[in-house]
Amino acid sequence: MALAKASSSAFERLSLAARIWKELAPPPGAKVLASTVGIETTESGALLEALTAAALAATAPMPVIKSKPPKAVEPPQLTLNGDGPDIDAELSIAIDRGNHLARWLTTLPPNVLHTASYRKALRDLAKREGWTFSFMDERALKKLNAGAFLAVTRANEHRDAGIVRLRYRAPAAEAPRKKLALVGKGICFDTGGINLKPHKSMYQMHEDMQGSAVAVGTLLALSRLKVPYDIDCWLAITENQIGPNAFRPQEVVRASNGVTIQVAHSDAEGRMVLADTLALASREKPDLIVDFATLTGACVVALTERYCGAFTNRSQFHSAIETAGRDSGERVWPFPMDEDYDSDLESPIADILHCTLDSKGDHILAARFLNRFVPAEIPWIHLDLSPSNRSGGLAHIPTDFTGFGVRFMAQLLLEQDLLTGGRSKRAK
């Protein structure tokens with residue numbers, strides 16, 4: 001038995017549910033009854049949903065590469081009992097599957113998940129899920145003048161980097177359908193480049209592709225729910241290696257939208273690959289772009305690993321973003337995006353400076369940089385995933401790699417309904 005305080009927040013409910021499941025530690029195949037009988041009706045359903053989310057997250061298998069692999073464990077059977085309305089089990093399972101995919105991919109070692117194997121895994125996933133798969137390799141990107149992306153790929157040993165595009169098309173529905181673009185930073189390993197990272201900072205840099213993993217996890221959840229709008233998922237996949245061909249400070253490169261960039265620091269490679277990916281995604285004129293990236297340490301300093309930073313070219317989105325974070329339990333805080341921040345990114349030789357030499361407000365400046373690659377007429381949200389890695393997990397997620405963002409996006413799109421402007425209906 002556990003005690004939940006009245007009117008607890010979604011984050012508190014999820015955290016409590018995780019503690020309950022950890023203490024319970026049911027054996028494989030156990031039958032577990034989760035009951036909220038006697039609890040106020042409005043709280044009962046929310047607590048049952050939190051218990052379901054925690055159970056699914058805790059029992060989702062993660063990659064293990066050992067000489068004697070563990071035996072497959074039969075998951076417990078969970079029965080829910082409460083006085084409130086039934087929870088949306090389909091929604092809970094879809095969110096969990098998307099989150100699990102993001103955590104699984106991020107956990108894989110960099111010699112297992114690299115640019116070539118990642119692309120193959122995404123192609124296989126697309127075939128299984130009925131998505132369309134396409135890939136723009138370095139040759140194709142060169143024709144598109146994607147100089148910002150290609151600067152980062154130059155030092156790679158292999159020529160497997162590029163942009164994966166996954167397409168979900170909604171079931172037959174009234175036309176015209178809305179179009180959502182998901183964009184993810186997929187740096188499979190980040191050395192820092194010429195501005196080499198120290199050991200401690202480089203130790204877990206195989207996780208620098210988690211933005212792309214969250215983007216594809218969000219696509220998985222939404223497509224499993226058969227949402228009534230089209231989705232294009234753009235994944236910027238490369239490594240940031242060191243070598244004689246690595247891009248250097250003071251180089252000037254031209255992005256695919258024509259903007260010239262003065263490079264300041266090679267360890268700010270994420271905003272370089274996102275620049276071209278956002279510009280190319282924008283050419284399709286989606287109704288909303290959301291990008292996901294483990295982008296700046298400054299955002300972690302500002303919020304710790306408990307909150308995610310959000311930036312948008314539509315200030316009227318702030319309320320919906322904050323509400324979706326609060327109601328989902330994946331908390332998100334909107335930051336300012338005032339135009340006068342651009343003065344810090346003025347370059348004497350190019351259209352824009354890549355970043356500044358200090359880290360003061362770098363999360364905001366990174367967002368202002370990316371803003372140059374999304375036309376003003378396209379609504380855009382940038383999520384700087386500061387909670388992507390937290391020792392001991394976060395809320396109901398028990399692993400250090402959290403897959404943060406899938407649950408938030410489901411709330412933002414299905415409940416706040418930021419894309420379609422009315423309560424979103426899922427195809428049944």
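View 1. Buried means under 20% relative accessible area, exposed over 50%, and partly exposed in between (1.4 Å probe, protein chains only). Helices (H or I, at least four residues) and strands (E, at least two) are DSSP runs, numbered from the N terminus. The model is a predicted one: local features need pLDDT of at least 70, side-chain atom pairs count only at pLDDT 80 or more, and totals for chains, interfaces and linings use all residues. Residues are numbered from 1 along each chain as its sequence is written, and side-chain values use heavy atoms, with hydrogens and water left out.

**View 2. The neighbours of Leu-166.** Leaving aside residues up to four places away in sequence, Leu-166 touches Leu-122, Ala-126, Trp-131, Thr-132, Phe-133, Val-216, Leu-219, Ile-231, Asp-232, Cys-233 and Leu-235. Contact means heavy atoms within 4.5 Å.

**View 3. Helix α4 beside helix α8.** The axes of α4 (residues 115-129) and α8 come within 12 Å and cross at roughly 5 degrees. Axes are lines fitted to C-alpha atoms, for helices over the stretch in contact, and angles run from 0 to 180 degrees between N-to-C directions. That makes the two helices roughly parallel (angles under 35 degrees count as roughly parallel, over 145 as roughly antiparallel, 65 to 115 as roughly perpendicular and the rest as oblique). On the α4 side, look for Tyr-118, Leu-122, Leu-125, Arg-128 and Glu-129; on the α8 side, Ser-212, Ala-213, Val-216, Leu-220 and Arg-224. These contact residues split into 6 nonpolar, 1 polar and 3 charged.

**View 4. Helix α9 packed on helix α12.** Here α9 (residues 269-282) and α12 (residues 362-371) pack at about 30 degrees, with their axes 10 Å apart, so they too are roughly parallel to each other. Arg-271, Leu-274, Ala-275 and Leu-278 of α9 meet Asp-362, Ala-366, Phe-369 and Leu-370 of α12. This time the contact residues come out as 6 nonpolar, no polar and 2 charged.

**View 5. Asn-145, a residue with positive phi in a loop.** Asn-145 sits between α5 (138-143) and α6 (147-153). Its phi is near 60 degrees, a positive value in a residue other than glycine. Most residues other than glycine have a negative phi. Asn-145 is exposed, with a relative accessible area of 51%.

View 6. In α13 (406-415), 9 of the 10 residues are buried, so the helix is largely enclosed by the rest of the structure. Among those buried are Phe-408, Met-409 and Leu-412. Asp-417, in the segment after α13, has a positive phi of about 55 degrees although it is not a glycine. Asp-417 is buried, with a relative accessible area of 3%.

How values were computed
Nonpolar A, V, L, I, M, F, W, Y, C, P; charged D, E, K, R; others polar.
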